[in-house]
Amino acid sequence: PNLVRQAWDATKLAVATRAIKKERALVLAQKNQVEKTFKRKEAIKEVKRLFEKGDYEGVARAVLPEVVVDKSFDLVEFWWKVWDIYWIFVLLRIVFTFIPSSS
């Protein structure tokens, strides 16, 4: 009788966890909705519309995978940080050439 009770409770638990997983999947699907995908002629029209509008990020996102576009924007931010550091060192070098050293 005890084993039968445990088996019955296990089946109820399996049904409950399946329902919870479905709810979680529904919530995640609503949060991470995929943008509309265009087919052939529609895709060409959409890319042309985005390009004429000047939305180059939209064109890139329409043509390339999201990960590639996101990484490219991260790379641009990194580039400008490095560029700023470069010019700071250039200015420091110029300043140190005109300051007489004590040695």
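Modeller: W83 and Y86 sit three residues apart in helix α4 (residues 66-98), so about one helical turn separates them. Helices here are DSSP runs of H or I with at least four residues, numbered from the N terminus. Please keep in mind that this is a predicted model, in which local features need pLDDT of at least 70 and side-chain atom pairs count only at pLDDT 80 or more, while totals for chains, interfaces and linings use all residues. Residues are numbered from 1 along each chain as its sequence is written, and side-chain values use heavy atoms, leaving out hydrogens and water.

W83 and Y86 are a stacked pair, because their ring centres are 5.7 Å apart and their planes meet at 25°; stacked means planes under 30 degrees apart, edge-to-face over 60, and tilted the rest. Both residues are partly exposed, W83 with a relative accessible area of 32% and Y86 with 44%. That label lies between buried, under 20%, and exposed, over 50% (1.4 Å probe, protein chains only).

W83 also pairs with W87, this time edge-to-face, at 5.7 Å centre to centre and 80° between the planes. These two are four residues apart in α4, again about one helical turn. W87 is partly exposed too, at 40% relative accessibility. Together, W79, W83, Y86 and W87 make up one aromatic cluster.

Now to the helices. α2 (residues 40-53) has 14 residues and spans 20 Å from first C-alpha to last, close to the 20 Å expected, which is 1.5 Å times one less than the number of residues. Just after α2, G54 takes a positive phi of about 90°.

α2 packs against α3 (residues 56-63) at about 155°, with the axes 7 Å apart. Axes are lines fitted to C-alpha atoms over the stretch in contact, and angles run from 0 to 180 degrees between N-to-C directions. That makes α2 roughly antiparallel to α3; the cut-offs are under 35 degrees for roughly parallel, over 145 for roughly antiparallel, 65 to 115 for roughly perpendicular, and oblique for the rest. The contact (heavy atoms within 4.5 Å) includes V47, L50 and F51 of α2 and Y56 and V59 of α3.

Finally, α3 packs against α4 at about 140°, with the axes 7 Å apart, so α3 is oblique to α4. E57, A60 and R61 of α3 meet E66, V69, D70 and F73 of α4 there.

Definitions and conventions:
Phe/Tyr/Trp six-rings, centres within 6.5 Å; stacked < 30°, edge-to-face > 60°.
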